Amino acid sequence: YLDMGLDLAARFPVVAKTFAEADRILEPTLGYSITDLIKRSSKLGDDEEKREALLKQTEHSQPATLTLDIALMRLMAAHGVRPDMVAGHSLGEYAANVGAGIMTFEQALLAVSARGKGMAEIQLDDAGKMAGIAASADVVIPALAEIDGYVVAANQNCPTQTVIAGASIPVEQAS
């Protein structure tokens, strides 16, 4: 969302420094800074609806989200809060890798920027859907067999929640 994390950047130098680092790393490839992308009013324009849509595009949201993740991690570390272990899923894996010392912030930013660009380049007639179903996989999987079209149990979050994914209409029908 517009202005995300910028209130913290105004208050805490470690957060501002993290945003400045992301700007330095990504401005040459993006053509603008992460900070300008996130700011409600910046040189990228004042049309909030257009700016919000731009920020939500995966090639922008991924590096922006990672920047805030790392800024928050560094802010917590500045106050003595450090993790004993880290974990992440999908985009969160990159923040976890930085937190674990496996990747530098720069390496992770460049990776998620390339990842986001690659994802944005994929053009599909139906991008599909996902849905969390409040039932076990034992209940969900047989029900999916009765749905016409492509829909599968993609993940079992816990014993009472199964995530389904597939083509839009079959996911809607299964839901």
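Analyst: Helix axes are lines fitted to C-alpha atoms over the stretch in contact, and angles between N-to-C directions run from 0 to 180 degrees. The structure is a predicted model, in which local features need pLDDT of at least 70 and side-chain atom pairs count only at pLDDT 80 or more, while totals for chains, interfaces and linings use all residues. Residues are numbered from 1 along each chain as its sequence is written, and side-chain values use heavy atoms, without hydrogens or water.

User: Which pattern does the chain follow along the sequence?
Analyst: Helices (H or I, at least four residues) and strands (E, at least two) are DSSP runs, numbered from the N terminus. The chain has nine helices and three strands, and its C-alpha trace spans about 55 × 40 × 25 Å along its principal axes. Read along the sequence, the pattern is α-α-α-α-α-α-α-β-α-β-β-α.

User: Is helix 5 roughly parallel or antiparallel to helix 7?
Analyst: The axes of helix 5 and helix 7 are 7 Å apart, and the two helices pack at an angle of about 155°. Under 35 degrees counts as roughly parallel, over 145 as roughly antiparallel, 65 to 115 as roughly perpendicular and the rest as oblique. Helix 5 is therefore, relative to helix 7, roughly antiparallel.

User: In what crossing does helix 5 pass helix 7, left-handed or right-handed?
Analyst: A crossing is left-handed if the near helix is turned anticlockwise from the far one by less than a right angle, and right-handed if clockwise. By this convention, the crossing of helix 5 with helix 7 is right-handed.

User: How do the residues of the contact of helix 5 with helix 7 divide by class?
Analyst: Contact means heavy atoms within 4.5 Å. Helix 5 contributes T58, E59, Q62, P63, L66, T67, I70 and R74, which meet F105, A108, L109, V112, S113, R115, G116, K117, M119 and A120 of helix 7. Ala, Val, Leu, Ile, Met, Phe, Trp, Tyr, Cys and Pro count as nonpolar, Asp, Glu, Lys and Arg as charged, and the others, Gly among them, as polar. The division is nine nonpolar, five polar and four charged.

User: Which residues of helix 7 does helix 6 meet?
Analyst: Helix 7 comprises residues 105–121, and helix 6 packs against it at about 170° with axes 9 Å apart. The pair is therefore roughly antiparallel, and its crossing is right-handed. From helix 6, the residues in contact are L91, Y94 and V98; from helix 7, they are F105, A108, A111, V112 and R115.

User: How many nonpolar, polar and charged residues has the contact of helix 6 with helix 7?
Analyst: On the side of helix 7, R115 is one of the residues in this contact. By class, the contact of helix 6 with helix 7 has no polar residues, one charged and seven nonpolar.

User: Which residues of helix 5 does helix 4 meet?
Analyst: Helix 4 (residues 48–56) packs against helix 5 at about 75°, with axes 5 Å apart. These helices are therefore roughly perpendicular to each other. L54, L55 and K56 of helix 4 meet, in helix 5, residues T58, H60, S61 and A64.

User: How do the residues of the contact of helix 4 with helix 5 divide?
Analyst: K56 of helix 4 is among the residues that meet helix 5. The contact of helix 4 with helix 5 divides into three nonpolar, three polar and one charged.
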